[in-house]
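Hi,

Here is the structure I promised to pass on.

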Amino acid sequence: MYEQSYSFGFEAAHELADNVGPGHDYAHVHGHSFRVTVTLRADAPGPQGWIEDFAVVRAACDEVRGVLDHRFLNRVEGLERPTLEVIARWIFDRLSPSLPALAGVEVSRPSLCEVVRYWAS
Ligand SMILES: Nc1nc2c(c(=O)[nH]1)N=C([C@H](O)[C@H](O)COP(=O)(O)OP(=O)(O)OP(=O)(O)O)CN2
Ligand SMILES: [Zn+2]
């Protein structure tokens, strides 16, 4: 089994007012630095000797980063409730058409030691 990973970061704001009571810290608009790691998996490399060209992975991730970086996530379609869990699944669904070997997406806030992983079952 082979795995290939690529990471990128983005900065964004959000609020989670629907998850908590009024006045709770999460209900106020606030920002985080997010770190994303996407993992591709294959039993064996393809005929070119790789799972996927890193340039292809980077280009797909750049497109996603462009939608998320310096944005208010609640206003991004599909991210109306922007928890790490929802963000991980949103990124997976956005990348999987162009990265067929995509196995999972990890989204973390390194400064808070908080990590969520979504894996295709
Ligand atoms: N399972 C999850 N739990 C929480 C999520 C999440 O996405 N998945 N998100 C949050 C909020 O985004 C919250 O803002 C996270 O911050 P928190 O852990 O409370 O840390 P602080 O904001 O207190 O850290 P600072 O040092 O003040 O930035 C909560 N839970
Ligand atoms: Zn938050």
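In this predicted model, an N or O atom in the side chain of Arg109 sits 3.0 Å from a nitrogen atom of ligand 1. Glu114 also reaches the ligand: an N or O atom of its side chain is 2.4 Å from an oxygen atom of ligand 1. For His32, the distance from a polar side-chain atom to a ligand oxygen is 3.1 Å. On its own, ligand 1 has 620 Å² of accessible area, and the protein covers 56% of that.

The rest of the shell around ligand 1 includes Tyr26, Thr83, Leu84 and Glu85. By class, the shell has four nonpolar, four polar and three charged residues. Strand 2 (30-42) and helix 2 (84-95) each supply at least two of the shell residues.

Now for the histidines. An unreviewed UniProt entry puts a "binding site" feature at His14, His30 and His32. They span 19 residues in sequence, but no two of their C-alpha atoms are more than 8.2 Å apart, so they gather at one spot.

Is His14 buried or exposed? It's buried, with a relative accessible area of 1%. His14 lies in strand 1 (residues 2-14), and its side chain makes a 3.2 Å polar contact with that of His32. Beyond its sequence neighbours up to four places away, His14 touches Phe72, Pro82 and Arg109, among others.

His30, in strand 2, counts as partly exposed at 23% relative accessibility. Leaving aside neighbours within four places in sequence, its contacts include His14, Glu15 and Asp25.

Cheers

Methods:
Residues numbered from 1 in each chain as written. Chains lettered and ligands numbered in written order. Predicted model: local features only at pLDDT ≥ 70, side-chain atom pairs only at ≥ 80, totals over all residues. Heavy atoms only, no water. Near = heavy atom within 4 Å. Polar contact = N/O pair within 3.5 Å; in protein donor to acceptor, adjacent residues only side chain to side chain. Areas by Shrake-Rupley, 256 points an atom, 1.4 Å probe, with all protein chains shown as cover. Helix = DSSP H or I, 4+ residues; strand = E, 2+ residues; numbered from the N terminus. Nonpolar A, V, L, I, M, F, W, Y, C, P; charged D, E, K, R; others polar. UniProt positions renumbered as here; feature names shortened; annotations may be inferred. Buried < 20%, exposed > 50% of the residue type's maximum accessible area, 1.4 Å probe, protein only. Contact = heavy atoms within 4.5 Å.
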